[in-house]
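Let's take a walk through a protein together. We'll begin with the whole chain and then stop at two of its residues.

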Amino acid sequence: MPRAEGVAPARWREAWAAVDLGAVRHNVGTMVELVAPAAVCAVVKADGYGHGAVEVAGAALSAGATVLAVALVEEGAVLRAAGITAPVLLLSEPPPAAMAEAVALALTPTLYTPAGVVAAAAAGGGALGVHLKVDTGMHRVGAAPTDLPALARSAAAAALRIDGLWTHLAAADDPAQDEATAAQLERFDRARHALAAEGVRPPVLHAANSAGAIAHPAARYDMVRCGIALYGHPPSAAMEGAVTLRPALSLRARVAMVRRFAVDERVSYGRRYAVAAGSQVLTVPLGYADGVPRRLSEVGGEVLVGGRRCPVAGTVTMDQLLVDAGRGPGAAVGDEVVLIGRQGTEEITADEWAERLGTISYEVLCGIGPRVPRVYERGGDAGLSGRAAAVRSFR
Ligand SMILES: *Cc1c(COP(=O)(O)O)cnc(C)c1O
């Protein structure tokens, strides 16, 4: 297998997240085709949902995405430092103090407050292109529809160029709430018409996240902002199979220690898990400091060993977890264990973890920490063997 060759100590670590950039390209291509003629903006915030922002951005751009988006100025700086010159949209209004740096990095600010407009104008002079955001129902950030015309007027007065107008959908992934989504799109349309009445026609309108892009064609406008779909996961269980996506990330490790008990035993902190006599217990060098939830065993979490599902045995510890390999043939030190991904004909997805844990795949993926080396596959399919890979660790 391609080994972590990064900075110590990760180069010795017998655990890694393999990121299949071929899968990312496939998923981007699928979305590009689905939403055309709308453009695809690849959302690579939170280090590309844990996949590596720079690597995912490169793959996404090569597969037809034309814009990137991040949450923070700092995240935009990482992309620029890697030599990425594509447009980068900031999804949150930068703090006024960060505006000069955002402009220097040629990041496109989203604005939704008068203070943001003032700061952008001061930092960018006349030539700065910005996107305005209107709140149509998510009620997180964005200008109230009633405040939008005044905001646009002050931006225009400050000679800012309004390149885009956008909003964010709160429940596009839930078919039971399609009426709420439709109401948001109606409010968005009213907001842009109110701007048009003042002669402001932002050339790029956008509203859809992955769920909006997939399930609400009316939400596609000129561009969609896709995150989770690019990483190969449906935005919600309700949307499973709506488009053909391939999970890009798998989480793997090598068995560090093996033992077989002659009598019944209890294992790990709190002695919460009972192992039957004759069973083999494997130690796997990944823990909650790496993003494997401490309570994964309690919710029935499993891993793949030798193509077989085996329960996580007891409390996941900070650096290691135990696996109950049962009374079967067993595994040996150095064997590969799959926490997320495929092995043989079995597959455990981040969506399965999410369902067990009462969360969403997003949180599972973002939770895989910087201590886990990322191994990149640039080829077309999953699986590590025999492929050239680039490695990055300890970002
Ligand atoms: C994170 C984010 C997205 C991407 O959402 P997905 O559901 O991952 O496609 C789009 N727009 C905004 C404003 C976001 O914060």
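The paragraphs below go from the overall picture to the details.

Before we start, please keep in mind that this is a predicted model, in which local features need pLDDT of at least 70, side-chain atom pairs count only at pLDDT 80 or more, and totals for chains, interfaces and linings use all residues. Residues are numbered from 1 along each chain as its sequence is written, and side-chain values use heavy atoms, with hydrogens and water left out.

What is the chain built from? The protein has 11 helices and 22 strands; these are DSSP runs, numbered from the N terminus, with helices (H or I) of at least four residues and strands (E) of at least two. Its C-alpha trace spans about 80 × 45 × 40 Å along the principal axes.

How much of the protein is buried? Of the 395 residues, 52% are buried, where buried means under 20% relative accessible area, exposed means over 50%, and partly exposed lies in between (1.4 Å probe, protein chains only). Now look at contacts, which are heavy atoms within 4.5 Å. Among those between residues at least 6 apart in sequence, 66% join residues at least 24 apart.

Our first stop is Ala-325, which sits in strand 18. Is this residue buried or exposed? Ala-325 counts as buried because its relative accessibility is 2%. Leaving aside neighbours within four places in sequence, Ala-325 is in contact with Gln-280, Leu-282, Arg-308 and Cys-310. Leu-105, on the other hand, is 220 residues away from Ala-325 in sequence and 51 Å away in space, C-alpha to C-alpha.

Our next stop is Asp-335, in the loop between strand 18 (321-326) and strand 19 (336-343). Asp-335 counts as partly exposed because its relative accessibility is 33%. Which residues does Asp-335 touch, not counting those up to four places away in sequence? They are Ala-253, Arg-254 and Val-255. The side chain of Asp-335 also reaches the backbone nitrogen of Ala-332 at 2.9 Å. Finally, Asp-335 and Ser-279 lie 56 residues apart in sequence, and their C-alpha atoms are 17 Å apart in space.

Definitions and conventions: A polar contact is a pair of N or O atoms within 3.5 Å; within protein, one must be able to donate a hydrogen and the other to accept it, and residues adjacent in sequence count only if both atoms are side-chain atoms.
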